[in-house]
Amino acid sequence: MVLFKSRFLLVFVLLLTFGVFLAACGSSEEGGETNSDSGSEGTSEDNSGGDFTTAMVTDIGGVDDKSFNQSAWEGLKAFGEENGMSKGEGINYAQSKSDADYSTNLNRLVREDYDLIFGIGYLLQPAVEEVAGQYPDTNFALVDAVQEGDNIASIVFKEQQGSFLAGVAAAKKTKTNKVGFIGGMDGSLINKFEAGYVAGVKSVNADIDVKVEYAGSFGDPQQGQALASNMYDQNIDVIYHASGGTGNGVFAQAKDIKNSNPDQDVWVIGVDRDQYEEGQIGDANVTLTSMVKRVDIAVQDVAEQAMNGEFPGGEVIEYGLSDEAISIARTNEEAMTEEIIASVEEWKEKIVNGDVEVPSTREELQTFIDAL
């Protein structure tokens with residue numbers, strides 16, 4: 001009897017031990033989002049997601065700016081969906097409320113062991129340079145700026161090309177021969193949008209007046225609305241904004257005017273993503289078109305490369321019209337007439353073929369205009 005009890009206890013202990021072992025294994029698999037140290041060489045050849053994790057830091061526009069940051073997050077979410085990841089489980093973002101948050105957020109994501117960290121926007125360049133230099137075993141991708149570093153991939157776009165086509169659309173649509181441009185912060189990046197837009201307008205009709213204003217922020221809808229109100233009051237009927245979350249105010253003003261006077265033609269050209277929905281007001285829509293900049297495709301593309309052990313560290317990756325990463329939206333079929341679309345396509349072909357070199361600075365723009 002004693003022997004039987006001893007054997008029973010032995011079997012019980014073994015079973016209990018085995019059960020604890022299985023539970024530990026299961027827990028390890030469920031917690032598989034804990035990141036491995038991939039280093040600047042990237043992860044294994046193909047781990048189909050595996051332990052690979054990636055996150056992004058927004059600029060002050062925030063992840064729901066309906067523009068640049070939101071497009072980047074949509075790309076990261078698409079990457080996650082393809083690889084069995086979701087927010088907090090393989091992919092994530094850190095939202096910045098001020099410039100001071102950039103380094104803080106980047107450092108936090110490094111401490112959380114993300115393999116690849118995106119800095120969304122040129123404003124993050126100094127912070128990415130600093131943090132990437134401190135952590136050479138973490139990979140970084142900087143959108144809209146170029147930064148040297150073996151563990152940094154620089155993602156840039158030919159925004160001037162798409163902005164040129166936006167200018168063509170504006171010039172074909174205006175009835176007052178007055179159009180506007182509202183930028184976020186005045187600098188070399190947004191100057192590309194401005195230069196391309198003005199060049200496109202002037203290529204169609206050199207007599208059209210283009211008013212240019214800068215809000216000084218990518219996250220100030222009130223200032224965007226004030227600038228738009230002033231422009232519309234001056235008989236400007238088409239405004240192209242390249243101002244992130246500030247552009248929400250431009251749409252708000254156009255919709256206010258349309259709501260008060262349905263017969264008045266006021267139009268907004270969106271930026272970065274198709275902003276057709278932002279212009280909806282009842283049965284009408286004030287979004288003429290949008291200069292679509294596929295930040296989502298770029299983010300998804302670089303994340304895939306990094307996961308597959310092919311992170312393009314030290315490289316500058318440029319996207320433009322020729323690879324469909326820059327385009328003009330046609331969602332508003334009523335506003336974007338066949339004549340406008342035909343003109344846009346004509347100029348697009350000239351740009352892609354190299355017959356037209358779109359200016360990207362104010363100096364190049366002046367030379368371009370002088371040659372018209």
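The expected span of a helix is 1.5 Å times one less than its number of residues, and helices (H or I, at least four residues) and strands (E, at least two) are DSSP runs, numbered from the N terminus. This is a predicted model, where local features need pLDDT of at least 70 and side-chain atom pairs count only at pLDDT 80 or more, while totals for chains, interfaces and linings use all residues. Residues are numbered from 1 along each chain as its sequence is written, and side-chain values use heavy atoms, leaving out hydrogens and water.

**View 1. Let's look along helix α10, residues 338-352.** Ile-340, Val-344 and Trp-347 are among its buried residues (buried: under 20% relative accessible area; exposed: over 50%; 1.4 Å probe, protein chains only). The buried residues fall within an arc of 135° seen down the axis, so they line one face of α10 (the arc uses directions from the helix axis to the C-beta atoms). Glu-338, Glu-339 and Glu-349 are exposed on the other side.

**View 2. Here is Glu-159, found in helix α5.** Glu-159 is buried, with a relative accessible area of 0%. Its side chain makes a polar contact with that of Lys-293 at 2.7 Å (N or O atoms within 3.5 Å, one able to donate a hydrogen and the other to accept it; residues adjacent in sequence count only if both atoms are side-chain atoms).

**View 3. Meet an open sheet of seven strands with parallel pairing.** Its order is β2-β3-β1-β4-β5-β6-β14 (strands pair if DSSP finds at least two bridges between them). Strands β2 and β14 stand at the edges, each with a single partner strand.
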